[in-house]
Amino acid sequence: MAAIVERPPVEEKIRTLKLSGHVGFDSLPDQLVAKSTQNGFTFNILCIGETGMGKSTLMDTLFNTSFESNPAPHTLPSVKLKSNVYELQESQVRLKLTIVDTVGYGDQINKEDSFTAIVDYIDKKFDDYLQEELKIKRSLSSFHDTRIHACLYFICPTGHGLKSIDLVCMKKLDSKVNIIPIIAKADTVSKAELSKFKQRIIQEIKTNNIQIYQFPTDDDTMAKVNTEMNNQIPFAVVGSTDFVRVGNKMVRARQYPWGTVQVENESHCDFTKLREMLIRTNMEDMREVTHQKHYELYRKKILETMGFTDVGQDNQPVSFQQTFERKQVEHRVELQRKEDEMRQTFVLRVKEKETELKEVEKELYTKYDQLKRDHAEEKKNYEELKKRLEEEKTEFQKRKQQVATQQLSHHTLTLGKKMKK
Ligand SMILES: Nc1nc2c(ncn2[C@@H]2O[C@H](COP(=O)(O)OP(=O)(O)O)[C@@H](O)[C@H]2O)c(=O)[nH]1
Ligand SMILES: [Mg+2]
């Protein structure tokens, strides 16, 4: 059955009307705020970086808490992704935060497949969401969305440039996730080296055509600051779990024999810029981009491989039902083809088996004939032997008779002589 496709009018006329009094829908944004606050938010961060690069420390620093993570060993045979979910609250806003760590990243001798586990993880989370969307009974509002919204890529502070593992991994992920590259442990690179290092990294990212996340510049209120921040990527960050007293305040810092690095001091590192951009300004944009760009791309690819399409060959819209019916026909044809193929194979196999059996039968007959002939031969030999034996027996009996007769006459003779005496 072909579905009737209703096409929207080419141009809809919309009239603008004036209200003569207060109606109340100007409270819609407030309603949204109230609802969102009640529901809470989710945000999922993926930290990619070699073991010991300061990922866990930076997460503690970013959210100003202690996530109590254990240091990972350098001896894992493959990369594993470990996720932890936390409930955080600031004022009235609740945030369900998932932090995903790439345990063992960069620790293997062969680093070729380091990205596979990460790609699989991201796809799996997209798939979980898609499966929920495709369910008959959906509960997307209460569904725990675990799709990765931000991927912090920790660049090793070598001062030279990106390693090939960085380029390969970022390239594999750039269409799946919002990548924010950051220079880890930036206190280990000197000020002069740092700006050259940043330039080289950006140059390499451009040359390799890697799409990293850009802070949005289409909103007038944020355009200026976001443009400025886009030019400062990759942020050079420092993390710390230690505090020192500065004035009358305790601040996060790293202390060295020659001085102190204050994490939140803008002249020491870009940490505050990262926090500002990631949490305070663009968290919602990253959630949106994840849903509207990366997830959409994944969903499109999966639905297309399943055979769904929006328009057919004639450029006419195709409904879900039409696709389903076409697929059903295709499936039936395929099933028939497979059945025919199986039947042909079966007939062929039966014929082969028949020929094989005939061969065996022929062989058996030949063997049977031979046995029959051998048996007749043997029987004949036995008969002859029996005949010979019987002849010998008769001969023997005859001889025995003769000997007996001879002995008897000899005895009679001797007896006669004795009597004469
Ligand atoms: N110099 C320096 N050391 C850091 C920084 N962040 C973390 N570290 C140290 O690096 C080591 C490993 O940190 P950790 O957060 O466990 O790394 P992870 O394996 O990537 O989670 C610890 O001794 C941290 O104190 C930083 O920004 N600068
Ligand atoms: Mg860690």
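User: In β8, which residue is the bridge partner of R245?
Analyst: Start with the terms. Helices (H or I, at least four residues) and strands (E, at least two) are DSSP runs, numbered from the N terminus. Two strands pair if DSSP finds at least two bridges between them. Here, R245 has M250 in β8 as its bridge partner. F243 stands opposite R252 of β8. Together, β7 and β8 (residues 249-256) pair in the antiparallel sense over 4 bridges.

User: What should I know about the model before I go on?
Analyst: It is a predicted model: local features need pLDDT of at least 70, side-chain atom pairs count only at pLDDT 80 or more, and totals for chains, interfaces and linings use all residues. Residues are numbered from 1 along each chain as its sequence is written, while chains are lettered from A and ligands numbered from 1 in the order in which they are written.

User: How many residues lie between β7 and β8 in their hairpin?
Analyst: There are 2 residues between them, and G247 in the turn has a positive phi of about 65°. β8 and β9 also form a hairpin, with 2 residues between them. That pair is antiparallel over 4 bridges. Q255 stands opposite T260 in β9.

User: In what order do the 3 strands of this open sheet stand?
Analyst: The order is β7-β8-β9, with antiparallel pairing. β7 (243-246) and β9 (259-262) are the edge strands, each pairing on one side only. Axes are lines fitted to C-alpha atoms (for helices over the stretch in contact), and angles run from 0 to 180 degrees between N-to-C directions. Neighbouring strands here are turned by 60° against each other on average, direction ignored.

User: And which way do side chains point in a strand?
Analyst: In a regular strand they alternate between the two faces of the sheet.

User: What is the strand order in the sheet of 6 strands?
Analyst: This open sheet runs β2-β3-β1-β4-β5-β6, and its pairing is mixed. β2 (80-90) and β6 stand at the edges with a single partner strand each, so one side of each has no neighbour in the sheet. Inside the order, β1 (residues 41-48) and β4 (residues 150-155) pair in the parallel sense over 4 bridges.

User: How do I describe two packed helices?
Analyst: Use the angle between their axes and the distance between the axes. The axes of α3 (residues 116-134) and α8 (residues 283-305) come within 10 Å and cross at roughly 75°. Angles under 35 degrees count as roughly parallel, over 145 as roughly antiparallel, 65 to 115 as roughly perpendicular and the rest as oblique. The two helices are therefore roughly perpendicular.

User: Which residues of α3 and α8 make the contact?
Analyst: Two residues are in contact if their C-beta atoms, placed from the backbone, lie within 7 Å. α3 gives D123, F126, Y129 and L130, and α8 gives Y295, Y298, R299 and I302.

User: Where does P234 lie?
Analyst: P234 is in the loop between α6 (220-230) and β6 (235-236). The peptide bond from I233 to P234 is cis, with omega near 0°.

User: Which residues come nearest to ligand 1?
Analyst: A residue is near a molecule if its C-beta atom, placed from the backbone, lies within 6 Å of it. Of the 16 residues around ligand 1, G54, K55, S56, T57 and K185 come nearest. Helix α2 (residues 55-62) gives the most to this shell, with 3 residues.
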